[in-house]
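Morning, everyone. Let me put the model up, and then we'll walk through it.

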Amino acid sequence: MRILLGFIFLALFSTFSLAKTIRETVPANKTSAVGAHATYGPECESGVIPKMKITQAPKNGKVTFQQINTKLSEKAGRCAGRPVKGTIVVYKPNRGFRGEDVFRIRFTMDMYDYGSAKIRNVTNKYIIQVK
């Protein structure tokens, strides 16, 4: 599970500033990490943990958030390997449900742009295929 969480976190981290649709396939009757978000500053220091909010709940499951500590991937350039704090998006389908479920997550995060801090709001759509 730790490896899966790390992979999901690192895969999504490099593109966290763009609103997008995220598609994941998860097993029925199991809780799964389906996304992750974090920030870091210009000196590679961990930023403020993004504030997560469900804006459209799934019809056939439940979404929760968990804070994690991890390391940045090689996609972070000179910051690769540095520790950061973030949030993973966890989806649990209703017992016995199989099929497609959809939900939206909005999060607020600090963005660093040429030495000045800005706040960015992003909404991502998750399409989850439960098999």
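One helix and seven strands: that is what the chain holds. Follow the sequence and the order is α-β-β-β-β-β-β-β. Remember that this model is predicted.

Now the contacts. Take the pairs in the chain whose residues are at least 6 apart in sequence. Of those contacts, 71% join residues at least 24 apart.

Next, burial and surface. The chain has 131 residues, and 41% of them are buried.

On to backbone angles. As a rule, most residues other than glycine have a negative phi. Two residues here deserve a look.

Start with asparagine 29. Its phi is positive, about 65°, and it is not a glycine. Where does asparagine 29 sit? In the loop between β1, residues 21–26, and β2, residues 32–38. Is asparagine 29 buried, partly exposed or exposed? Its relative accessible area is 32%. Buried means under 20% and exposed means over 50%, so asparagine 29 counts as partly exposed.

Then cysteine 44. This residue is not glycine either, and its phi is positive too, near 70°. Cysteine 44 also lies in a loop, the one between β2 and β3, with β3 covering 51–56. Buried or exposed? Cysteine 44 has a relative accessible area of 3%. That is under the 20% cut-off, so cysteine 44 is buried.

To recap: asparagine 29 is partly exposed, whereas cysteine 44 is buried. Both have a positive phi.

Definitions and conventions. Residues numbered from 1 in each chain as written. Predicted model: local features only at pLDDT ≥ 70, side-chain atom pairs only at ≥ 80, totals over all residues. Heavy atoms only, no water. Helix = DSSP H or I, 4+ residues; strand = E, 2+ residues; numbered from the N terminus. Buried < 20%, exposed > 50% of the residue type's maximum accessible area, 1.4 Å probe, protein only. Contact = heavy atoms within 4.5 Å.
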